[in-house]
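Please examine the following protein model with attention to its backbone, its aromatic contacts and its pockets. The paragraphs after it take up these topics in turn.

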Amino acid sequence: FVNFVIDNYIIKELDNLILINQTIEEVNKLSENDFIGTFGNIFEKTNWIANKAFNSKPYKSFDEFVSTIIKIYENSSKEDCLKIFNAHPELAVEKKLTEDSHKEQKGANLNRCNNEEFSEFKNLNIEYRSKFGFPFIIAVKGKNKNEILNNFRRRIKNEINLEFNEAKEQVKKIATFRLMK
């Protein structure tokens, strides 16, 4: 399932079938398991944020819900942020992707790299992780391979604090895209 929000409804996309299935009132009634099942991957394999958001119910609107889940992330410790960062896949080379990451990388054609592009992604991923201790993270939605590679080449030159903050912003963008598609 892919979940997104339009007007006060949570939309579930299953293959090419889209179902409008929950109002904010129904979200407020979700069991903990169903809530975490629906929102647990907004921050790449990070159920604890969805769990905290569950414990903040009820919500008056989707805006309040989105604001709450983003604030939970923004207020996370550095250690928790690093755990979230490290839950993200390496771009273009990772084989085991969540459904969300697969769709996002496919949309940027990262699944169609030629040998030279693949080799550059592979080398940049290794160098980046070695330097920063987490994978390169970028919200790929609306970007193509060249834009992503150019960002990768530029950001790998950053110092650690600047890059940590940039990765944190990129995770927030990815989560926002996942909530608002």
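Asn109 is found in the loop between H6 and H7, where helices (H or I, at least four residues) and strands (E, at least two) are DSSP runs numbered from the N terminus. The model is a predicted one, in which local features need pLDDT of at least 70, side-chain atom pairs count only at pLDDT 80 or more, and totals for chains, interfaces and linings use all residues. Residues are numbered from 1 along each chain as its sequence is written, and side-chain values use heavy atoms, with hydrogens and water left out.

Phi of Asn109 is near 60°, a positive value in a residue other than glycine. Asn109 counts as partly exposed because its relative accessibility is 37%; buried means under 20% relative accessible area, exposed over 50%, and partly exposed in between (1.4 Å probe, protein chains only). Lys45, in the loop between H2 and H3, also is not a glycine and has a positive phi of about 55°. With a relative accessible area of 52%, Lys45 is exposed. A further backbone feature is the cis peptide bond from Lys57 to Pro58, with omega near 5°. Pro58 has its place in the loop between helix H3 (47-54) and H4. As background, most residues other than glycine have a negative phi, and most peptide bonds are trans.

The chain as a whole comprises 9 helices and 3 strands, and its elements run β-β-β-α-α-α-α-α-α-α-α-α from the N terminus on. Of the 181 residues in the protein chain, 49% are buried. Contact means heavy atoms within 4.5 Å; among contacts between residues at least 6 apart in sequence, 66% join residues at least 24 apart. Confidence is expressed as pLDDT, the predictor's value for each residue, from 0 to 100. The protein chain averages a pLDDT of 87, and 87% of the residues score at least 70. Over residues 6-21, pLDDT stays under 50, and the model has 43 contacts beyond four places in sequence for these residues.

Two loop residues show contacts with other parts of the chain. His88 is found in the loop between helix H5 (78-87) and H6, and it counts as buried because its relative accessibility is 7%. Not counting residues up to four places away in sequence, His88 touches Glu44, Pro135, Ile137, Val171 and Ile174. Ile138 lies in the loop between helix H7 (115-132) and helix H8 (145-155), and at 5% relative accessibility Ile138 counts as buried. Ile138 and Lys168 are 30 residues apart in sequence, and their C-alpha atoms are 9.6 Å apart in space.

The structure holds 15 aromatic pairs. Rings of Phe, Tyr and Trp (its six-membered ring) pair if their centres lie within 6.5 Å; planes under 30 degrees apart count as stacked, over 60 as edge-to-face and the rest as tilted. The rings of Phe35 and Phe65 form an edge-to-face pair because their planes stand at 85°, with the centres 5.9 Å apart. This pair links distant parts of the chain, as Phe35 belongs to helix H2 (residues 32-39) and Phe65 to helix H4 (residues 62-74), 30 residues apart. Both Phe35 and Phe65 are buried. Tyr128 and Phe136 also form an edge-to-face pair, 5.4 Å centre to centre with 85° between the planes, and both of these residues are buried. One aromatic cluster is formed by Phe85, Phe121, Tyr128, Phe132, Phe134, Phe136, Phe152 and Phe164.

The pockets remain. On a 1 Å grid over the protein atoms alone, a cavity is a set of points where a 1.4 Å probe fits but cannot get out, and a pocket is an open set with protein on both sides within 12 Å along at least five of seven lines; lining residues have an atom within 4 Å of a point. Grid points are joined across faces, edges and corners, and a volume is the space filled by probe spheres set on the points. The largest pocket has a volume of about 360 Å³. Of its 22 lining residues, the closest to the centre are Asp100, Lys103, Glu104, Val140 and Lys141. H6 gives the largest share of this lining, 6 residues.
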